[in-house]
Structure formats: structure tokens, C-alpha cells
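Hello,

Here is the structure we talked about, with its sequence. Please open it first and then read the notes below.

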Amino acid sequence: MIGAGALVASLVGAGVDVCFMNPGTSEMHFVSALDSVPEMRGVLALFEGVATGAADGYARMTGRPAAVLLHLGPGLANGLANLHNARRARSPVVAIVGGHATGHVRHDAPLQSDIEALARTVSGWVHTCGDTRDVARDAMRAVAAAARGQIATLVLPADVSWTDGAAPAPPRPAAAPEAADEAQIAAAADLLARAAPSTGPSATSAASSAGASGPSATSAASSAGASGSPVMLLLGGAALSERGLWAASRIAAATGARLLTETFPARMERGAGIPAVAGLAYLVELADTQLAGTEHLILAGARAPVAFFAYPGREGDLVPAGCTVSVLADAAQDVEGTLEELAGRVAPRTEPVLAEAVTPGEPAGPLTAASLAAAVAASLPENAIVVDEANTSGYLLPRTLATAPRHSVLTLTGGAIGYGMPVATGAAIAAPDRPVLSLEADGSALYTIQALWTQAREQLDVTTVLINNASYAILNLELARTNAGKAGPRAARMLDLSGPTPDFTQISTGLGVPAARVVTAEDLTAALRRAYAEPGPHLIEAIMAPIV
Ligand SMILES: Cc1ncc(C[n+]2csc(CCOP(=O)(O)OP(=O)(O)O)c2C)c(N)n1
């Protein structure tokens, strides 16, 4: 067996049976192996950032790695921004980067570059395979490394791929997550004993009132916890699963502690029947208000809060002065199990507070942030996957969708825009029985819009709402917030997408995805319902004015 055949067969044996790719000459034997190992599904992307983002979306939905096949250093470099987002999401990804044949390196041919150096910027594990006989075992090491929530990059020289003498390797046993730490749980339980706010629910009343009646349902606003407790639980990563949110909600209901989620979750369950927890705001001014009064911050799968950017004269650390920070469970630990263990101690008879379903009215009139969110909520099917890269136009989505039919929401973990359409593509391949809604701002869309072609080719059930505000709106806000001054005409041109305004309806149809343009909320709602009802991808270009 040649190296490429053993590699692909071993990946499939380890459950890695989807490979997003944009191959070149050095990867031809891998490509050819797709016919000898038909269990591997190859998915072609027309730009590497689409392939890497799709692998991220796939991992977020399955918890398992996809492979991504890239062409030498330049192919990897094109995929780095979305590998960066995947790293921040702690997504397992196996990146296989073809390299020149070992004997060809000395010629310094045009595509020669330092692949490992590029890979190290995003990878927790990097290895260049040196021998065909090792390739399958190296691949299994890569899969095991990726399973720890990181990017594992295997550089595969072309001759290692094409030489005979390889054999498939068995998968390595999966490692269990680190168990809950007793000292951390006990410390959190101690802090939570001080959580009762002077005006909020007391531990006994919450426990006794909820105990007999099962989970109670409430509106999103009240379950977000507006009490004045000095103790706050900041949730991130696995704490945002249904299990994690249930346990956290029980803890909050029993003790009075406040709950908040990290700003940009990799994946969070949301909607009716799920505890509604507000997210830490992106704007530091709002984040300050949310965190004010916190004396003890307990982290569950989240990192201590910091400002997204530095601003002149502002502190980047968002932890209020004098507030203690303790870790209940970090991302490498069993966050859900730890929260459940803690809930068992401090909230043994308390049920979670679940968001109740609210059927919103049918919005009408011009599209605004409010009517956009209402149209999405009014039409959202049960069990959808919502990929949110709506940016400024989407700021009301979290609140509005907290009472919509339950769904999973994926967000921009690493701040590198252009993640949404690729992640939606990978999520649709990971969960073919779930509708995918991709909410995409125009500026971000244009980094990786080729994802539409892959959605068309694979006939994925992705509905894209492309919000065309003809602006890098957020940067107009940031110009003021960084004290860079008011934009003059030359600066304003750098933040404006008009002249010409891209025509996304044409771009989409050109890439094989049927498209419609809407300017009102009622038309958006109707177009969304039509798109969900019909299989395959659709794009709705929503024209709306920038909110800033
Ligand atoms: C890879 C990358 N390049 C550039 C930026 C800087 N950036 C942040 S937001 C933004 C514009 C966003 O515009 P759009 O997606 O249309 O959303 P809007 O602000 O209009 O809501 C840019 C260029 C970034 N975050 N990531």
C-alpha cells in the first residue's frame, strides 16, 4: 500500500471520514486514494479559508475532527485565519499539508517555504512525516492530538505519500476528559454561600418553590439573572451545552449567584426549554456595567474577561477592582461534570429556570436590527443551527432568539471575520438532518463567499441571510472609540462598501445558489419560510441601513 492509501484508510478507521480540501500537485496521491477508500468523503472548497472554516464548523457540531487537506505553505497560509478561529473555539482539526518530495527540497522550487513555522502559529501539534512506514501511525497521533481540542498539523511530503510499504494503523484509545477537581468545587461552593443578593431569591425559597413542580419556565429577561449578587459564574466552552446550562441555572436559582456567558461562544444551546443566559457584551462600556458589583467571579470553561481591544486610557482587564477570580473548571477539564457535581452540592433540590417559548408578532416595515431579529425568530424551525456573523446588524439576535424554538448558535471565536459561511458549510455536512441558518454581514461574507459554491455542489440545507448594509459599520464605531477622530472623506472611503455596492443576488446565483433580495421584514420572513421548506442552499440578500 502506498503512504496516501494507508493514511486515508487509517483516518477513516479513526472516525475521520470527511476531508475538506483544496489540493495541488503534491497532494495528488491523497486525492487518488479517495477512489480506493470510498468511505472518505472529499469536499472541495474553492479557497483554503473555506476548507479550514468548514472543518471548524464540522468539529463544533460533531465534537470530532474532520481532516482538511492543504497545498504546501501558501495553501496553509490561505487557511490560517479560520484555523485561528478554530483554535480559539478549541475545535479538533487534523490539517494535512502536502509538501515537496524529500529529495526536491534542496532545489528550493517556487512553492518551497517553511510549512512548520506557519503551522505552529495555530497548531498545538505539528509533525513532518519522514517515512512512508510511519505515515499511518503519525496520522493516528495527529487524530489523538486534535481530540484534545486543538489543531494537529501533519506535513506530508509527496514521496512519503506515493511510496509503497505503508500499512493502516489502528486508532489510539480516546482519552477521557480530566475529572472535576475536588478543591476547585469546594472553593466554588464556599463562595456561592455568599451569593445571596439582598433583593434576590433566597436559596430556600428558590429550592422549595421549584422542587415540587419540576423545571420552571420564565421569560428570558428574568432568567438572565438581574439580581445584585456579588458572586458571578462566567460560563464558556462546554458549560454552554444543554447539560452545562441546566446545572448552572440550578446553581444560580438556588444560591442567587448571577450568570453570564463568554462573549463569543464556539457553540451554545439556546431557545425555548433551555436556560437563557445573557452574554458578556463586546462593548467594554456595557461589559463594565454587567460586571459591576461582582466581588467573586467563578470561571466555568471561560477565561477571565478582557477587552477585545485596547483603547487609549482604558484598562484591558474587565475584572472589577478587588474582585477575586477562581477557576471552577478550565477548558481542559470536564466542565459539564464539574458543574453538575457543584449543582448536586449547592442546589440538590433545585430545578433549572428554562426560557419559555414566545411566539413573536410578524414584523413589518423596513429592515432594522429589531425587525431582522424578529423575522428570524418568527420563522426559525425547531432544532436549527444558527451561525452568527451578522455583526452590528445582529446585535438584538441573542436576546430575541432566547425565546425562539431551540437551536444551537455558533459565533466568531477568534475575531477573524469570514468564518460564518465556511462554518455553516461544515455544520451542514456534520448535521444533515438539521436546518442551518447562516446570518452573514456583507463585509465578512466577501472573505469566503466561495463557500456558496460548495453548499450548492453538496446540496446543503443552508439558508444564508446576507445583510447588505454596504459598510464596514463596526469600524465607523471603532474609529470614534479609539479616539482616531472623525472620518474625513479619505478615511471614510476605507470603511464603506458602496461605489460599487456588491450585488449578492448575482454573486450567489453565479455560484449556484438561488437568491432573492428583500427590503422589508415581511418579505424576509416569507423568504426565510420558503427557503427552509425547500431542500438545498438559498441566499436572501437583506438590504438594510447600517446601524452606526
Ligand atoms: C481577518 C480580519 N480582517 C479584518 C478584520 C477587521 N474588521 C473587523 S470588523 C470589519 C468589518 C465588518 O464589516 P461587516 O462584516 O460588513 O459587518 P458590519 O460592521 O457592517 O456589521 C473588519 C474589516 C478582522 N476582524 N478580521
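**What was found**

Isoleucine 547 is partly exposed, as its relative accessible area is 37%. Keep in mind that the model is predicted. Ile547 lies in the segment after β19 (538–543). Together with Tyr395 and Val548, Ile547 forms a nonpolar patch on the surface, and the accessible area of the three is about 280 Å².

Next, a sheet. Six strands form an open sheet with parallel pairing, in the order β2-β1-β3-β4-β6-β5. At the edges are β2 (41–44) and β5 (123–128), each of which pairs on one side only. On average, neighbouring strands of this sheet are turned by 20° against each other, direction ignored. Within the sheet, β3 (residues 66–71) and β4 (residues 93–99) pair in the parallel sense over six bridges.

Last, strand β14 (residues 384–389). Six of its six residues are buried, so β14 is largely enclosed by the rest of the structure. In a regular strand, side chains alternate between the two faces of the sheet. In β14, Ala384, Val386 and Asp388 point one way, while Ile385, Val387 and Glu389 point the other way. β14 has parallel pairing with β15 (residues 407–410) over four bridges, and alanine 384 stands opposite histidine 407 there. β14 also pairs in the parallel sense with β16 (residues 436–441), over five bridges; here isoleucine 385 stands opposite valine 436.

Regards

Notes
Residues are numbered from 1 along each chain as its sequence is written. This is a predicted model: local features need pLDDT of at least 70, side-chain atom pairs count only at pLDDT 80 or more; totals for chains, interfaces and linings use all residues. Side-chain values use heavy atoms; hydrogens and water are left out. Patches are made of residues with over 30% relative accessible area and no salt bridge: like charges are joined within 9 Å, nonpolar side chains (Val, Leu, Ile, Met, Phe, Trp, Tyr) within 5 Å. Accessible areas come from the Shrake-Rupley method with a 1.4 Å probe; for residues, only the protein chains shown count as cover. A salt bridge is a side-chain nitrogen of Lys or Arg within 4 Å of a carboxyl oxygen of Asp or Glu. Helices (H or I, at least four residues) and strands (E, at least two) are DSSP runs, numbered from the N terminus. Buried means under 20% relative accessible area, exposed over 50%, partly exposed in between (1.4 Å probe, protein chains only). Two strands pair if DSSP finds at least two bridges between them. Axes are lines fitted to C-alpha atoms, for helices over the stretch in contact, and angles run from 0 to 180 degrees between N-to-C directions.
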